[in-house]
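Work through each task before you read the solution.

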Amino acid sequence: MAAGDVTRRASITAPSMHRRPSARRGSLIKGSQPSTSQEVPWDIIDRCALPVVLCHALAVVLSALLNALHISQISVFTLFLWFSISVTGSLWFYHNLQVTAAGKAVLVTGCDNVLGNALARRLDDLGYHVFAGFQNKAGNIDADMLKEDCSGRLHTLQLDITSETQILSASLYIVDHLPEGAQGLWAIVNCESWCALGELEWVPFSVIRRAMEVNLLGPARLVQVMLPLVRRSRGRVVLASSILTHVAAPVRGVHAASLAALDALAACLRRELKSRGVDVVVVAAGEYTTGNAWLSEEKLLEQARDMWKRLSDEQKGAYGEDYFEQALRSLEKYTKSADADLTAVTRALSDGVTRTFPLSRYTPVSPREKLKSLLAEHMPRSLYEGLYAD
């Protein structure tokens with residue numbers, strides 16, 4: 001018998017006979033190992049790109065004017081270099097201004113997942129008073145460890161953002177435990193997410209409804225309830241999203257649709273709150289940079305088996321088990337990146353909280369994902385569809 005027959009993977013639609021051991025927390029959160037970070041500073045590039053282009057345009061115009069008036073024979077390159085250094089230096093100083101953490105409180109939801117947990121730890125290390133919301137706090141080892149490892153400024157909350165009662169209870173708790181002298185919440189950071197995968201015909205409607213409740217309706221209601229507290233402190237709202245809202249991809253339609261709606265809500269909310277001094281920040285992370293922060297291989301297999309069982313015989317015949325398995329197996333490269341460096345994502349989320357002048361949108365993504373999103377936004381649709389035909 002060939003070796004390949006012995007090591008062949010089990011079918012994604014068949015029950016698993018054993019469970020893959022979960023990775024240790026230390027391997028998932030690499031924020032403590034900055035030397036290994038592979039992040040690309042897209043936020044700096046996004047902030048400086050347009051001003052540098054304008055510097056070149058100004059250098060061309062000014063050099064032509066000075067030469068025409070016989071005032072100076074200075075070259076375009078010299079002017080461009082001088083303008084670029086001045087503008088970039090000013091922007092670097094402007095970009096790195098940070099607010100004082102003392103006396104500021106931040107609500108972080110979704111601390112059950114590794115990303116929210118890592119962010120709560122980071123903000124606590126920076127000196128903020130953190131209210132860490134857990135969808136299931138009772139008997140949660142992660143909640144106990146977070147409370148034990150962090151300072152006394154951190155509070156753990158039972159907070160399912162789809163529960164009206166729990167949102168209201170959390171708001172009352174926060175009001176009673178704000179740091180002394182604080183007028184309200186400095187920031188809300190929503191890291192809760194429900195990742196529903198599968199082609200639209202495969203996904204049960206109950207799962208679609210759940211995705212909309214967690215990814216759109218829950219954050220909207222959370223912001224509604226907490227916004228008076230944020231408005232008093234002239235703080236900010238930070239929402240975790242995905243690069244998938246700009247880049248269409250098969251098997252991710254429901255997930256992308258719910259987050260695209262959240263992006264649109266954030267864009268409108270940003271304009272509504274601008275006059276109130278409240279910033280609205282979207283962190284659109286990539287699938288490679290978040291690894292299995294929201295979807296582990298175990299959860300992927302569980303979703304796949306449940307979807308396959310729910311399909312009718314006609315649907316199973318139309319698609320076939322091989323196609324079904326191949327479509328969902330294509331996502332394994334993300335779930336298997338359990339050791340993905342989360343530094344870029346946690347840094348973007350914390351920058352939305354700590355920067356004096358945060359960007360409206362951060363994109364902690366891989367270079368491949370950044371290129372694809374730029375082409376999706378600026379290339380003619382027919383060319384883009386031909387280039388990235390799946």
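**Exercise 1.** In which helix is Leu50 found? Then decide whether Leu50 is buried or exposed, and name the nonpolar patch it belongs to.

*Solution.* This is a predicted model. Start with the location: Leu50 sits in helix H3, which covers residues 42-68. Next, check the accessibility: the relative accessible area of Leu50 is 55%, and exposed means over 50%, so Leu50 is exposed. Finally, look at the surroundings: Leu50, Val53 and Leu54 make a nonpolar surface patch of about 310 Å².

**Exercise 2.** Check the span of helix H7, then work out where its buried residues lie.

*Solution.* Begin with the length: H7 (residues 164-176) has 13 residues, and at 1.5 Å a residue it should span 18 Å. The end C-alpha atoms are 19 Å apart, which agrees. Now list the buried residues of H7: Ile167, Ala170, Ser171 and Ile174. Viewed down the axis, the buried residues of H7 fall within an arc of 100°, so they line one face of the helix. Their packing partners are strands S1, S2 and S3 and helix H8. Turned away from that buried side are the exposed residues Thr165, Leu172 and Asp176.

**Exercise 3.** Describe the backbone and setting of His70 and Val251.

*Solution.* Most residues other than glycine have a negative phi. For His70, however, phi is near 55°; this residue lies in the loop between H3 and H4 and is exposed, at 68% relative accessible area. For Val251, phi is near 75°; Val251 lies in the loop between strand S5 and helix H9 and is buried, at 6%.

Notes
Residues are numbered from 1 along each chain as its sequence is written. This is a predicted model: local features need pLDDT of at least 70, side-chain atom pairs count only at pLDDT 80 or more; totals for chains, interfaces and linings use all residues. Side-chain values use heavy atoms; hydrogens and water are left out. Patches are made of residues with over 30% relative accessible area and no salt bridge: like charges are joined within 9 Å, nonpolar side chains (Val, Leu, Ile, Met, Phe, Trp, Tyr) within 5 Å. Accessible areas come from the Shrake-Rupley method with a 1.4 Å probe; for residues, only the protein chains shown count as cover. A salt bridge is a side-chain nitrogen of Lys or Arg within 4 Å of a carboxyl oxygen of Asp or Glu. Helices (H or I, at least four residues) and strands (E, at least two) are DSSP runs, numbered from the N terminus. Buried means under 20% relative accessible area, exposed over 50%, partly exposed in between (1.4 Å probe, protein chains only). The expected span of a helix is 1.5 Å times one less than its number of residues. The arc is that of the directions from the helix axis to the C-beta atoms. Contact means heavy atoms within 4.5 Å.
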